[in-house]
Amino acid sequence: MSESSGQRNKAFVLEAFETLFNRKDFVAAEKFWSPDYIQHSAHIPPGRDGLFALVKSAPPEMKYENSLILAEDDMLMLHGRFSGLGLPANWIVVDIVRIENGLLAEHWDVIEDEVTREKSVSGLPMFGAAFPS
C-alpha cells in the first residue's frame, strides 16, 4: 500500500520544522522552503530570508515541539510549542502552511503565550498533558 499524499506532506513539513527550528541547518532548510515563500505572520519578516533571519537571531535554546498535524491536500495545520525564546512564556502556535511544487510556499500563524496551571481558567494545559514548570 502506498503512502498517501497527506502522510507525505505531514512528514515533509515536520522534517522542515525540525531542520530549521531545532537543528538550525539553514542550508538543508533551503530544500524545504520556496525562494518565493509568502509570509503572513505579524512576527516574522517577509519571505524565506526573513524567516531564516528570525531563527538565526533567536536564542540557541529555542526549540519547536509538535503535538498535532492535519493535512488537507496542499494545506497543513500544526499545533506546536516554541520554548527557549527568552520570553516570559513559551509560545503555543497554530501554523498553517501551504505546499506548492514540493516546497513550503506560504505560512500563517496564531500565537498565544502558554499559561501556568494557576492562570488557566479551563484548568487544562494548552500543550500536551502537563503544564509548563
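Which strand holds L68? The residue is found in strand β2, which covers residues 63-72. Before we go further, please keep in mind that this is a predicted model.

**A nonpolar patch**

Together with L70 and M77, L68 makes a nonpolar surface patch of about 250 Å². The relative accessibility of L68 is 45%, so this leucine counts as partly exposed, since a residue needs over 50% to be called exposed.

**Helix α1 and what follows**

Now turn to helix α1, which runs over residues 5-22 and has 18 residues. From its first C-alpha to its last, α1 reaches 25 Å, close to the 26 Å expected at 1.5 Å a residue. Its buried residues are G6, N9, V13, A16, F17, T19, L20 and F21. If you look down the axis of α1, these buried residues fall within an arc of 165 degrees, so they line one face of the helix.

Just after α1 comes K24, with a positive phi of about 50 degrees. K24 has this positive phi although it is not a glycine, and its place is in the loop between α1 and α2 (26-29).

A second residue to look at for its backbone is N101. Here too phi is positive, at about 50 degrees, although N101 is not a glycine. N101 lies in the loop between β4 (91-100) and β5 (103-113). With a relative accessible area of 74%, N101 is exposed.

**Salt bridges**

How many salt bridges does the structure hold? There are five salt bridges in the structure.

Take the E15 and R23 pair to begin with. E15 is partly exposed, at 36% relative accessibility, and R23 is partly exposed as well, with a relative accessible area of 44%.

In the pair of E100 and R98, the two partners fall into separate classes. E100 is partly exposed, with a relative accessible area of 40%, whereas R98, at 16% relative accessibility, counts as buried.

Is R81 buried or exposed? R81 is buried, with a relative accessible area of 12%, and this arginine is found in strand β3 (residues 75-83). R81 lies in strand β3 and E65 in strand β2, so the pair ties together parts that are 16 residues apart in sequence. E65 itself is partly exposed, with a relative accessible area of 24%.

R81 has another partner too: its side chain makes a polar contact with the side chain of E114, at 2.8 Å.

Notes:
Residues are numbered from 1 along each chain as its sequence is written. This is a predicted model: local features need pLDDT of at least 70, side-chain atom pairs count only at pLDDT 80 or more; totals for chains, interfaces and linings use all residues. Side-chain values use heavy atoms; hydrogens and water are left out. Helices (H or I, at least four residues) and strands (E, at least two) are DSSP runs, numbered from the N terminus. The expected span of a helix is 1.5 Å times one less than its number of residues. Buried means under 20% relative accessible area, exposed over 50%, partly exposed in between (1.4 Å probe, protein chains only). The arc is that of the directions from the helix axis to the C-beta atoms. Patches are made of residues with over 30% relative accessible area and no salt bridge: like charges are joined within 9 Å, nonpolar side chains (Val, Leu, Ile, Met, Phe, Trp, Tyr) within 5 Å. Accessible areas come from the Shrake-Rupley method with a 1.4 Å probe; for residues, only the protein chains shown count as cover. A salt bridge is a side-chain nitrogen of Lys or Arg within 4 Å of a carboxyl oxygen of Asp or Glu. A polar contact is a pair of N or O atoms within 3.5 Å; within protein, one must be able to donate a hydrogen and the other to accept it, and residues adjacent in sequence count only if both atoms are side-chain atoms.
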